[in-house]
Amino acid sequence: MSTLQQEQRRKPESSLIIKLVLFPCLMFGFGFLLIPLYDVFCDITGLNGKFELSPPVTANETIATDSIFSSSDDSSAKKIIPHNVILQFTSASDEQEKWKFYPAKTQLEISTGQQYKTYFTLQNPTNDVMEFTSIPSISPGLAAEYLIKTECFCFQKQILQPGENVEMPLVFKLRNDTPKDYKKLTLAYRIYATPYRSTAYVR
Amino acid sequence: MTDHQTATTHEHSAAPATGIKRWLYTTNHKDIGSMYLIFSLVMLLIGGSMALLIRSELFQPGLQLMQPEFFNQMTTLHGIIMVFGAIMPAFVGMANWLIPMMVGAPDMALPRINNWSFWLLPFAFGMVLSTLFMEGGAPNFGWTFYAPLSTTYAPPSVTFFIFSVHIMGISSVMGAVNVIATIMNMRAPGMNYMKMPMFVWTWLITAFLLLAVMPVLAGVVTMMLMDIHFGTSFFDAAGGGDPVMFQHIFWFFGHPEVYIMILPAFGIVSHIIPTFARKPLFGYHSMVIATSSIAVLSFIVWAHHMFTVGMPLVGELFFMYSTMLIAVPTGVEVFNWVATMFRGSMTFETPMLFSIAFVVLFTIGGLSGLMLAIAPADFQYHDTYFVVAHFHYVLVPGALFSIIAGVYFWIPKWTGVMYNEGMGKFHFWLSFVGVNLTFFPMHFIGLAGMPRRIPDYALQFADFNMVASIGAFLFGLSQLIFVYNIIQCIRQRGCPASPQVWEGAEGLEWTVDSPAPYHTFQTPPDLDKLQYSNGHN
């Protein structure tokens, strides 16, 4: 090929190729980024019925603001009248028969702003030390922000010795400003059992 | 034209190598295009045979031919092979053959990468097919491979599946980089963006979609791999993950993927309809804008595939309305094709027949898509045969018909020989009847409540299933006519084709000889001298 023809032969710009290769690499990362992004999105919008999984700090904060709100604002602003809500408890696991994971009461009629305590029972009939993770979910999902748990077995993993039977406490309240539309809420727990692995997992 | 022809024929010296080395080492866009097209034809026949096995089992209620486990493997592999092995490589093959010729470039921008992206595919699909012979069987979780079916409950062969999806993804991304670089950097002088043919435009947009979403698919299978082998919990609720997250990430890839499989089809029929209507394409600018808007909108509608997972009302409404919005640009495209035909001097050669069938039947598929987009109604239709009918209408008489139309349209240019028109028409009518016989009854059995992906069904669905199975065999076997026609062209049995081939054909690819010389446009074509027109005003 003569030099003239080589000049005429059009070549791709390397800067374009670099950009075109970089873009999919970034998109690969974006695929992974979608997970925290969804979590942040659900957090902001309160979708998905997800609770804070590490709530002691936030729960206390919310309670603190809550009490200020209820005590000081009571006189000046609109008065918040507590109303009653029926709270149902359900439990589930992959092997419901095996683990015997049940709420002590399946239903409570509670008043907003007041603190309540209830129990869930869990049994480990196997011969192994088992570790249980509980995943809570509330429906309707938008009500999640109004339910404040000060003590919950879902805050940390539960380790059960062979044959052990535990009553796990749950202390919670519904915020004062829970809308009246919420007349009946369902709080569901699903437990996942894994064999207890090593001390590395003990907190 | 003649000046230019003589210029191209004597300037190159590199003739194709002989034997297997020609195909292994080739960097020629025409050779690679041919390999892609033949590969996708083979995959079409393999995936089609699986479809026929599925339809045989569903010919009657009860389990006759296979066990549910094998049935699930067949539905999974059929989906994977047709999507990633047949439709996508066929479009890439056409892009290889046509884009350099259409924009007046001597070859693709990155010829060696081009060779590599093709040669990855036989290995990827060889690996997918080899899982059939593995202990535990082939993947059985459906082509959407929802976790935890594809993680906790998957057969061991899922790891091979993941690896082959990675390979396919790399191949597609490299192909897309190549297409974009070719279109952006190698156009003939004077061919600005708004002078490019529609096929080039639709492929440019498709290539950007590929770059954006194939890595997300690679990401999601990587997460699966890590969940299965490295103890992470992306999709495992026990470890704090979320199985619904899988569906969100998958469909973030999956919905643009749907448009990856249909936008090049829009490009193909936008060439064929003006040619046989002997009129310029109506509304070229609106066509470009509509195609781009479809591509942009495709990123914000993914969750309409998962209305039933338990989304909040706001989400349901958002995804419902944004999905319906896509009907607007799609309607523009359909309107433009019809308006192009309006008062045209139409003739009905095989490519035109397939294109008209594309317009009509794709519209039916689009309308059933609109029905599925209605969130409250979707709870009834979800996971039924109505969905199967919908996506087969957009993919078979949609994408596949456009590919068949394109092959009939350009094969005289590729081989230099006219295909057998009588057999082509016969192929069309058998396919047209077969495809409708197969998929139309599925609308009704779906609305009546027959679920997807089941090997056995309730008695009241028996008659329609029998009709669908008969139609499937009619459609499947009629493709053998297509194969025969192609082989005859490759063997040079038929009348030699003129450079322009079709009376109304416009565009640079019709200015070179038939068959197209091994090297074309070594010197850039002079658009003014050729009185270049891309088929629009």
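**Notebook: chains A and B, predicted model**

I looked up B:Val501 and found it partly exposed, because 18 other C-beta atoms lie within 10 Å; a residue is buried if 20 or more other C-beta atoms lie within 10 Å of its own, exposed if 12 or fewer, and partly exposed in between, with C-beta atoms placed from the backbone. B:Val501 has a positive phi of about 60° although it is not a glycine. I found B:Val501 in the segment after helix H16 (462-490) of chain B. For the names of elements, I note that helices (H or I, at least four residues) and strands (E, at least two) are DSSP runs, numbered from the N terminus.

**Ground rules**

This is a predicted model, in which local features need pLDDT of at least 70, side-chain atom pairs count only at pLDDT 80 or more, and totals for chains, interfaces and linings use all residues. Residues are numbered from 1 along each chain as its sequence is written, while chains are lettered from A and ligands numbered from 1 in the order in which they are written.

**Confidence**

I noted ipTM 0.87 and pTM 0.87 for the model. Chain B has a mean pLDDT of 93, and 97% of its residues reach 70 or more; pLDDT is the predictor's confidence in each residue, from 0 to 100. In residues 1-12 of chain B the pLDDT is below 50, and this stretch has 17 contacts in the model beyond near neighbours in sequence. Two residues are in contact if their C-beta atoms, placed from the backbone, lie within 7 Å. Where pLDDT is low, the predicted coordinates should not be read in detail.

**Other backbone entries**

B:Arg278 sits in the loop between H9 and helix H10 (284-297) of chain B. B:Arg278 counts as partly exposed because it has 14 C-beta neighbours inside 10 Å.

I also looked up cis peptide bonds. One joins A:Ser139 and A:Pro140, with omega about 0°, and A:Pro140 lies in the loop between E5 and E6 of chain A. Another joins B:Ala147 and B:Pro148, with omega about 5°. B:Pro148 is in the loop between helix H5 (111-130) and helix H6 (158-185) of chain B.

**Chain A, sheets**

I listed four helices and nine strands in chain A. Along the sequence the pattern is α-α-α-β-α-β-β-β-β-β-β-β-β. Of its 203 residues, 22% count as buried. Among contacts in chain A with a separation of 6 or more, 73% are between residues 24 or more positions apart.

An open sheet of five strands in chain A has mixed pairing and the order E3-E1-E9-E5-E7. Two strands pair if DSSP finds at least two bridges between them. Strand E5 (residues 130-139) of chain A pairs with E7(A) in the antiparallel sense over three bridges. There, A:Phe132 stands opposite A:Gln158 in E7(A).

An open sheet of four strands in chain A has antiparallel pairing and the order E2-E4-E8-E6. E2 and strand E6 (147-152) of chain A are at the edges with a single partner strand each, so one side of each is left without a neighbour in the sheet. Strand E2 (residues 102-103) and strand E4 (residues 115-123) of chain A run antiparallel and are joined by two bridges. A:Pro103 stands opposite A:Phe120 in E4(A). E4(A) also pairs with strand E8 (residues 165-174) of chain A, antiparallel, over nine bridges. The bridge partner of A:Phe120 in E8(A) is A:Met168.

**Where A touches B**

I found 28 residues of chain A in contact with 31 residues of chain B. On the side of chain A, helix H1 (3-8), helix H2 (14-45), E5 and strand E9 (184-195) each give two or more residues. H2(A) supplies the largest share, 14 residues.

**A helix pair in chain B**

Helix H7 (residues 198-229) and helix H9 (residues 263-277) of chain B pack at an angle of about 175°, with their axes 7 Å apart. Axes are lines fitted to C-alpha atoms, for helices over the stretch in contact, and angles run from 0 to 180 degrees between N-to-C directions. H7(B) is therefore roughly antiparallel to H9(B) (angles over 145 degrees count as such).

Conventions:
Angles under 35 degrees count as roughly parallel, over 145 as roughly antiparallel, 65 to 115 as roughly perpendicular and the rest as oblique.
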